[in-house]
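Please look through the sequence and the structure below before reading on.

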Amino acid sequence: MKLYFKLNQSLLLIIALLFSTVMFGQKHSVSGHVSDSSTGELLPGLSIIVKGTKSGTITDINGKYTIEASNDDVLVFSFIGYKSQEIKVEGKQIIDVKMEVESEVLNELIVIGYGTQKKTDKTGAVTMVTAKELNTGRLSDPIQAMQGKVAGVTITKKGGDPNAGFSVRIRGASGFTSNTDPLYVVDGIPGVDPTTIAPEEIASFNVLKDASSTAIYGARGANGVIIITTKNASIKKGQKANSFEYNGYMSYDRVSKKLNFLTADQVRDFANTNGMTFIDNGANVDWQDEIYRSGLTQSHNFAFSGADDNSSYRASITQNNITGVLKGSAKKRTIGRLNITQKALDNRLTLQARISGTIEKNDYVNYGGGMNPSNIIYQAYRRNPADPVYNEDGSFYETDKSFQYNNPVAIIEQFQNNREAKRLLSNFRADLEIFDGLTASTNIGYIRDDDESYYFEPRASFANQSNGYGRRGYNNHESRILESTLNYTKTLNDLHNLSLVGGYAYQKDIYDGFSAQGKDASSDFVQSNNLQSLLTLEPGAINSYKNEFILISFFGRAMYDFNKKYFVTATIRRDGSSKFGKNHEWGWFPSASLGWNLLEEDFMQDVKLFDQLKLRAGYGFTGNQEIPVYVDAVYYMPAGTAINPETGETVISYENASDVNANPDLKWESNKELNLGLDFALFNNRLSGSFEYYRKNTYDLIYKYGVPTPPNKARYTYANVGVIENNGFEANIMAVVYDKNNFKYKSSFTFSTNKPKTVKLSEGIYKIEQFYTNEVNGRGLVGGLNNTQIIAPGYSIGTWWMPEYAGISSDGQFLFYTESGGVTRDVELAELRDVGNAQPKFQFGWSNSFNFGDNFDAAINLRAIYGYQIMNVTKMVFGNPLDLPTLNVLESALDEWDRGLRDNPTISSYYLEDASFLKIDNISLGYNFDMSNNKYFSQLRFYVAANNIYTFTKYSGLDPELSYNGSGLEFGLDMYDVYPKTRTITFGVNAKF
C-alpha cells in the first residue's frame, strides 16, 4: 500500500508539473500603452520583442501595442533615445510601460559643421538646446526662444516692436565696419534668415562658439555659428503611421511700463505757482494712452507627418497675426514648409528635399530718428497734455507753439508705411554610402528674399514738410549654394575611431533693387500706389542698384579618438571671396583641438563620483567677410546735372559714391581664439555641465581711414588695421534636483563674462588715435561733442567718455570737473573722462522645469545682467524743467526745478545710471490630458504662459535691456525713441491626432 501511495503521489506530481508547463507555455494576448515617463507623451513606433525570439511588434500612432506571449516570457521594450526595459509577463494581460530617457549627457548627439558627433566626443565649445528646453509663450522671433539658454550668447531686443528682430552676439563679437551677427545654418544651408523658420518647426539649436568649432565655416565663422535643425518625421523600422499636429495660442500684450509725465493739472499748477503763462486749451490728455493700445497675437501651426521603412515627410503651415501695442504697428506672417526623406538602394542612398515659403506683411509706424517731426513717440512725450487730440469738428488739433510740434495720433492715422515680403528657402540633399564608412553628399540650396515698401505723407499732414511725399522701393536677394562632401568613418580593433570629411562649397549672392520718390502730391487718396500723382522729382529721386559677390571654399576635417580616452580634431578651410582686394581674395583658416577623458585613466578607476570628466583645449583661425560689397574699389554714381564747359550742354555729373580709394590689399577680419574647457557629470548624471575659458583676438578690423589728398584721389580708404581683444569665462550647469514620488524638478544655469578691449587702431599710413561713437541728439543739445563713448587703444569697448558731473552752481548751472581738478560751468572746458562702461561684468540665465505626476508641467526662466551703466537720454531730454509750461516733461523735472536746476541738458555722467537687472522672463503652466484610451487624440495639452513678467532693477527708465547695433560698438543709450516693452499672457494648446 505504501508503495502504491508513493507511486500515486509521484504520478500526481508529474501530472501537475506537466499541466503547469502547458499552462505557462500557452500563449495569450498582452496589450498596453507606452509613454514617456517625463512628459506622458505616447510613443509610436516603439519596438516590443519577446526576449530570445524574433517575435515582436511596434506601438501604433497612439502608443498602443498588442503581442502574443506566454506567462514565462520576457518582453523587451526599446526605442532610440530611451532606456530599454525588460518586463516579465507572469500572467498579465495589460502591461503599460513608461520609458525613461537615456542619459542626456552621455548619449546626446550634437550637430557640428557638416556632421554630428556624440556630446561626450566634442573637443570644442558647442552647446545644444532642444525644442523641449526652449522658452514658450508669444515669440515674435524664433531666436527669442533661446534667450538665456546658452552661456556666452547675448540675445537682446531694444523695445517690443513685432517687426524688429533680436540682436545676437556670441562672445562679444565686435567690429568697426563689419556686421557681427552669427552665421545661421538651417538644415545645412548657410546664410538663412532665422525668422523664416516657425518656432514650432525647430527641433534644436546648436551653437558653435569657439574658433576650433567654427573654423570649418572659414571666412564666415568669426562671430559664431548657430545651426538650426528643423523637425522631420523619423524613419523607424516597421513603422507605417501618419500623424497630425496642431499648435496654437492667443496672446494678450500690454505696455509693461510707461514713463511718468506730467498731467495737465500738474502743468497748470507749475505755471500758476511760478507766475508763467501758456496757452491752455482746456484738455487733459495722456498722450501715451493715445498712441498705445492692447496688443493681440494669434498663432496657428498645423503639421502633417508620416513615415514607413523607406520614407518620411513632414508638412506644416504656420500663421501669425501680431497687433502691436503701438498703434499702427502690426505683422502678419505665413510660413509653409515641407520636409521629405526617401531611402533607396537598400538604405545606402538617402534623398532629402526641403522647401519653405514665407509671406509677410508689415505695418510700420515712425518712432525712430530722434527729433524727427514724424517720430510719434518723441511727439507724444513732448506734447502738452492741455492740448486736445481733436478739434470740435473731429479734425486733428494742430498748433505751432513749438518747432515741429506735431500731433502723434494724426501721424499714425494719416501716414502710409507698409511692407510686403516674400521669401523662399529650398534645398535638395543626396547622401550615397559608397561602401561601409564612406559617404558622398551633395547639398544644393536656393534662397530668395523679395520685399516691397510703400511710404506716403499726405499734404494735409501737419508733420509733412513737402506738400505730400511718396516713396516706393523694391529689394531682392538671391543666394545660390552648392556643397559637396565626402565623409569617411572607421573603427580599428575597437580602439581607434577615425572620422574624415572633405568638401567643396560655392555660394553666389545677388542683390538688386529699385526705388522712386517724389513730392507735391496731387492727390492724397492714391497714396504711394500711383507715383504719377507726385508732381516734383528731384535729382536722385529715381534709384536702382545691382551687386553680387561669390564665395568659393575647400575644407577638410579629421576627428580621431583612441579608445574614447584621447580625442583630436583638426580642421582647415580655404576661402576665396570677391568682396576683398585682388591681392587677398584667398585665405586659410586652420584649427585644432584636443580632448582628454580622465575617467578612462587608471588613476581614476577608483573614483566613483564622476560619470564624465573631460578636459578640452582648442585653437583656431576664423574670418569675417560681412562687409558691404565694393568697399575695396571705386565706383561712381550720378550726382545731378551740370553744364559741360566745352559745349554748354546740360549733362549728368558723376561722383565717387563713397569718396574712397581702391585698396587691392583689403582682406577679411580674422579671429585667433584659444578655448579651454571642462565637461563633467556626476551623481549618476544628475548634475552635469561644462566650463569654458577663452581668449579671442580679432585682427585686421576694417575701418574707413582718412588719407591725404593728394597723393590720393579720394579722402578715405578702407583698410585692415584695428585689433580688439575679448576674453571671458562661461559655465553651463544642468541638474535633476528631485525625481521621486511623481515629482521631477530639473534646473539649468548659465553664467558668462566677457571683457572686450581695443588693442590697436593705427599702422603704417593708416593712423587714428581714437574715434567716438554713440551720438546723442535731442532738444536743447545744440553744438558741442554729442558722442558719449570712445574707441581707443587700452580702453574697453563701451567706455563712457564724457564730462564728469561736479554739482550745480548757486544760479542753477551744471558744474563739471576740469583736467586740473577744478570745476567749470563751461562744458567746453571740462575734461573728458572714463566715467563707466556699457559692458556688463557678467550675465546669467536660470531655467527651471517641473513635472507633477503625468499631467501637470511648469517652467520658470530668469535672466540677469549685472555691472553696467546706461545713458538715460530720455531723462536728460525730458527731465529739463526749462521746457515747462510750453512742453511736457517727466515728473522728475519738478524735483530738478525744486533743487534749483536752471540749465539746458548737457551730456555728462549725471545721466548715467546703474542698469543691472534680474528679469523673470517666462513662466508657464501646462496640463496634459490622459489620452491612452482616446481613439482620436494621442496627445492633448493646454497651457498658459506669461512673458516679461517683472524686472528687478534700480534703473529709472523704461527698461534696462538694450540691444547691440549692427557693428557691435554702439550700445547703452536709452534714447527716447524706443518701442515699449510689453508684458504678455498666452493661452495655448498642443494636440496630436
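Two strands pair if DSSP finds at least two bridges between them. Strands (E, at least two residues) and helices (H or I, at least four residues) are themselves DSSP runs, numbered from the N terminus. The model is a predicted one, in which local features need pLDDT of at least 70 and side-chain atom pairs count only at pLDDT 80 or more, while totals for chains, interfaces and linings use all residues. Residues are numbered from 1 along each chain as its sequence is written, and side-chain values use heavy atoms, with hydrogens and water left out.

Start at strand β15, residues 202-208. Its partners include strand β16 (residues 225-230), which pairs with β15 in the antiparallel sense over six bridges. Within this pairing F205 stands opposite I228 in β16. Strand β10 (residues 126-130) also runs antiparallel to β15, and five bridges join the two. There, T130 has S204 of β15 as its bridge partner. How far is β15 enclosed by the rest of the structure? Buried means under 20% relative accessible area, exposed means over 50%, and partly exposed lies in between (1.4 Å probe, protein chains only). Six of the seven residues of β15 are buried, so the strand is largely enclosed by the rest of the structure.

An open sheet of four strands comes next, with the order β3-β2-β5-β6 and antiparallel pairing. Its edge strands, β3 (56-58) and β6 (85-88), each pair on one side only. From one strand to the next the twist averages 20°; for such angles, axes are lines fitted to C-alpha atoms, for helices over the stretch in contact, and the angles run from 0 to 180 degrees between N-to-C directions. In this sheet, four bridges link β2 (residues 47-50) and β5 (residues 74-78) in the antiparallel sense. I49 stands opposite V76 in β5.

Another open sheet has three strands in the order β48-β47-β51, and here the pairing is mixed. The edge strands are β48 (912-914) and β51 (973-974), each of which pairs on one side only. Two bridges join β47 (residues 869-872) to β51 in the parallel sense. Opposite N872 stands D974 in β51.

R268 lies in helix α4, residues 264-273. Is R268 buried or exposed? R268 is buried, because its relative accessible area is 17%. Contact means heavy atoms within 4.5 Å. Leaving aside residues up to four places away in sequence, R268 touches F278, D280, G282, A283 and A386.

F749 belongs to strand β37, residues 743-760. With a relative accessible area of 30%, F749 is partly exposed. Residues up to four places away in sequence again not counted, F749 touches A731, N732, I733, F844, G845 and W846. D826 is 77 residues from F749 along the chain, and the C-alpha atoms of the two are separated by 49 Å.

On a 1 Å grid over the protein atoms alone, a cavity is a set of points where a 1.4 Å probe fits but cannot get out, and lining residues have an atom within 4 Å of a point. Grid points are joined across faces, edges and corners, and a volume is the space filled by probe spheres set on the points. By this rule there are 13 cavities of 30 Å³ or more.

The largest cavity has a volume of about 330 Å³. It is lined by 20 residues, and Q144, F166, N947, N948 and K981 lie nearest its centre. The elements giving two or more residues to this lining are β49 (917-928), β50 (939-953) and β52 (982-992), and the largest share, three residues, comes from β49. Ala, Val, Leu, Ile, Met, Phe, Trp, Tyr, Cys and Pro count as nonpolar, Asp, Glu, Lys and Arg as charged, and the others, Gly among them, as polar. The lining of the largest cavity divides into two nonpolar, eleven polar and seven charged residues.

The second largest cavity has a volume of about 220 Å³. Of the 23 residues that line it, T154, G172, N754, Q839 and Q843 are the closest to its centre. At least two lining residues each come from β11 (153-156), β37 and β45 (842-852). Strand β37, which also holds F749, gives the most to this lining, with four residues. By class, the lining of the second largest cavity has nine nonpolar, eleven polar and three charged residues.

Note on methods
On a 1 Å grid over the protein atoms alone, a cavity is a set of points where a 1.4 Å probe fits but cannot get out, and a pocket is an open set with protein on both sides within 12 Å along at least five of seven lines; lining residues have an atom within 4 Å of a point.
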